[in-house]
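Welcome! Here is a short briefing to read alongside the sequence and the 3D view. Take a moment to look at both before going on.

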Amino acid sequence: MSEQSPTMTTASARYGVLLVNLGTPDAPTSAGVKRFLSEFLHDHRVVDMTRWLWCPLLHGVILPVRAPKVAKLYQSVWMDEGSPLMVYSKRQQQQLAQMLDVPVELGMTYGNPSLASGLAALKAQGCDKVLVLPLYPQYSRTTTAAVFDKVAKVLKSQADIPELRFVNQYFDHPSYIDALAGSVSTFWAEHGEADYLLCSYHGIPKRYADNGDPYPEHCNGTTALLAEKLDMPREKMSMSYQSIFGREEWLKPYTEGTIKALAEKGVKRLDVICPAFSVDCLETLEEIAEECKAVFLAAGGERFRLIPCLNDAPAHIDAMAALVEQHTQGW
């Protein structure tokens, strides 16, 4: 980006950027996890069951049973500075603000820092224009739309609201695809190639897609563009969906079953990348790197590796900056 661009100078810019991710417990404890999961799983965008059926089940069965188990999983991936999702998200915020030289604040859909605190911080810095950038490349009602709902709820009670722009998705943005492909190429250059590359995306209930959620089309699009960028034959690369919850059918194929089948078919060296996650978190560091690795090795595989998320890699910050520049034209 040119140093003369209006988006690069604080003198001419009165806009700010609100980076948004899902959120994380404040502490890897049963109480911390219960608070976080309660807010998350109460969102009708995430679970659309009738409330009088869902709430007793959530508070009477799911949270008491799952919170202690999930807390132990969080403890296994917790970093010195805190939750991996929070640590990497803060680094993204700081580096993007430094690159753009405009206010950038962090907000989580659930937990802290809240979207309300992020918007308030931008307002305090004189931003009367706000670009909301949910860090979900592939749109889903369960993630991106939930951010829109929360932002609207925060602003609903305010007399003076900022001019808003909202990044709906960027699953096929060239800078994002370049960053993904670069991360794979760099990983293979340092550690050697795999026999097979699996793109694992967070799952959603199949019913949501049947009712119009474009998420699977976006995941397919990212996978196809990544394969093209890497010049990978599709017989050596595919995609699947992870983090399945409950008894309802979710988007298929499921990651765990796919990994087991690949090992049984003779794939010995498998690498997994998670393009839907902008930062490493419980779902990548524990579910993929630990649980799925065990499944692959038990089924006859010999080497299983997680290619890290883009996190705060320079190419990822460049991609975010490109998105901001694109969506703030005229500001």
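A salt bridge is a side-chain nitrogen of Lys or Arg within 4 Å of a carboxyl oxygen of Asp or Glu. With that in mind, please note that this is a predicted model.

**Salt bridges**

- The D178 and K229 pair links distant parts of the chain, 51 residues apart. D178 belongs to helix α6 (residues 174-191), while K229 belongs to helix α8 (residues 215-230).
- D178 counts as partly exposed because its relative accessibility is 38%, which falls between the limits of 20% and 50%. K229 is also partly exposed, at 49%.
- D128 and K129 form another salt bridge, and their closest N and O atoms are 3.6 Å apart. D128 is partly exposed with a relative accessible area of 29%, and K129 is partly exposed at 21%.
- E249 joins K252 in a salt bridge, with 3.9 Å between the closest N and O atoms. Are these two partners buried or exposed? E249 is partly exposed at 40% relative accessibility, whereas K252 counts as exposed at 53% because the limit for exposed is over 50%.
- Salt bridges can also be linked up: D48, R141, R207 and E248 are connected in a network of them.

**The sheet**

- Strands of a sheet pair through backbone hydrogen bonds, either parallel or antiparallel.
- In what order do the four strands of the open sheet run? The order is β2-β1-β3-β4, and the pairing is parallel.
- At the edges are β2 (104-108) and β4 (163-166), each of which pairs on one side only.
- On average, neighbouring strands of this sheet are turned by 25° against each other, direction ignored.
- Strand β1 (residues 15-21) pairs with strand β3 (residues 129-134) in the parallel sense, over six bridges. Here L19 stands opposite L133 in β3.
- Helix α5 (residues 144-156) packs on the sheet and touches β1, β3 and β4. The direction of helix α5 makes about 170° with that of β4.

**A nonpolar patch on the surface**

- Which residues form the nonpolar patch? They are M49, W52, L53, L57, V61 and V65, with about 570 Å² of accessible area together.
- L57, one of these patch residues, lies in helix α2 (residues 51-77).
- L57 is partly exposed, with a relative accessible area of 36%.

Methods. Residues numbered from 1 in each chain as written. Predicted model: local features only at pLDDT ≥ 70, side-chain atom pairs only at ≥ 80, totals over all residues. Heavy atoms only, no water. Pairing = 2+ DSSP bridges. Helix = DSSP H or I, 4+ residues; strand = E, 2+ residues; numbered from the N terminus. Axes fitted to C-alpha atoms, helices over the stretch in contact; angles between N-to-C directions. Contact = heavy atoms within 4.5 Å. Patch = residues over 30% accessible without salt bridge, like charges linked within 9 Å, V, L, I, M, F, W, Y side chains within 5 Å. Areas by Shrake-Rupley, 256 points an atom, 1.4 Å probe, with all protein chains shown as cover. Buried < 20%, exposed > 50% of the residue type's maximum accessible area, 1.4 Å probe, protein only.
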